[in-house]
Amino acid sequence: MKWDTLEEEPCSLSRTVAVVGDRWTLLILRECFLRVRRFEAFQSSLQITRHLLSERLKKLVRFGILRRVPYSEAPKRYEYILTQKGLDLYPVIMAMVHWGDTHMGDERGRPLLHEHKSCGKQFDPVMVCSECGEPLHAKQVHVHAGPGRRGADAA
């Protein structure tokens with residue numbers, strides 16, 4: 001598998017990694033979910049070079065994860081807003097945050113706490129079965145070939 005052909009692989013994870021699988025893109029997405037929208041704010045928060053940030057934002061726009069919305073005409077400036085496709089990455093980001101809180105934390109505790117607006121409680125993200133609502137664990141899931149699989153190799 002080559003990095004530049006991952007988006008063509010018959011594997012949903014490979015195609016996803018092709019779009020969001022590098023560290024800067026994941027950190028940009030984190031900032032988006034923290035309501036950062038402007039180029040200068042991304043750059044200031046992440047301490048990323050202008051060139052690298054520009055390339056990652058262009059890629060996220062090209063793949064429909066962010067949309068570019070002008071907020072100033074002179075000079076022309078844009079905000080980057082999560083699309084529905086981008087918002088659909090929230091469970092992925094939250095799963096990574098939870099893993100980091102659980103396995104990479106230190107004695108100071110979690111750097112951010114998440115509160116569910118509806119009930120007002122702090123929470124941990126939990127993945128559940130869409131059919132029965134039970135929590136999902138790796139040892140309790142069987143994987144079967146789907147209609148998008150090609151050839152005999154498992155993705």
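A: Glutamine 47 sits in the loop between H3 and H4, where helices (H or I, at least four residues) and strands (E, at least two) are DSSP runs numbered from the N terminus. The model is a predicted one, in which local features need pLDDT of at least 70 and side-chain atom pairs count only at pLDDT 80 or more, while totals for chains, interfaces and linings use all residues. Residues are numbered from 1 along each chain as its sequence is written, and side-chain values use heavy atoms, with hydrogens and water left out.

The phi angle of glutamine 47 is near 55°, a positive value in a residue other than glycine. With a relative accessible area of 64%, glutamine 47 is exposed; here buried means under 20% relative accessible area, exposed over 50%, and partly exposed in between, with a 1.4 Å probe and protein chains only.

Arginine 35 lies in the loop between H2 and helix H3, the latter covering 39-46, and arginine 35 counts as exposed because its relative accessibility is 55%.

Now follow H2 (23-33) to where its axis comes within 10 Å of the axis of helix H4 (residues 50-62), the two crossing at roughly 75°. Axes are lines fitted to C-alpha atoms, for helices over the stretch in contact, and angles run from 0 to 180 degrees between N-to-C directions.

On the H2 side, the contact (heavy atoms within 4.5 Å) is made by Trp24, Thr25, Ile28 and Leu29, which meet Leu52, Leu53, Arg56, Leu57 and Leu60 of H4. By class, this contact of H2 with H4 has 7 nonpolar, 1 polar and 1 charged residues, where Ala, Val, Leu, Ile, Met, Phe, Trp, Tyr, Cys and Pro count as nonpolar, Asp, Glu, Lys and Arg as charged, and the others, Gly among them, as polar.

Within helix H2, threonine 25 deserves a separate look. Threonine 25 counts as buried because its relative accessibility is 0%. Leaving aside residues up to four places away in sequence, threonine 25 touches Val19, Val20, Arg56 and Leu60.
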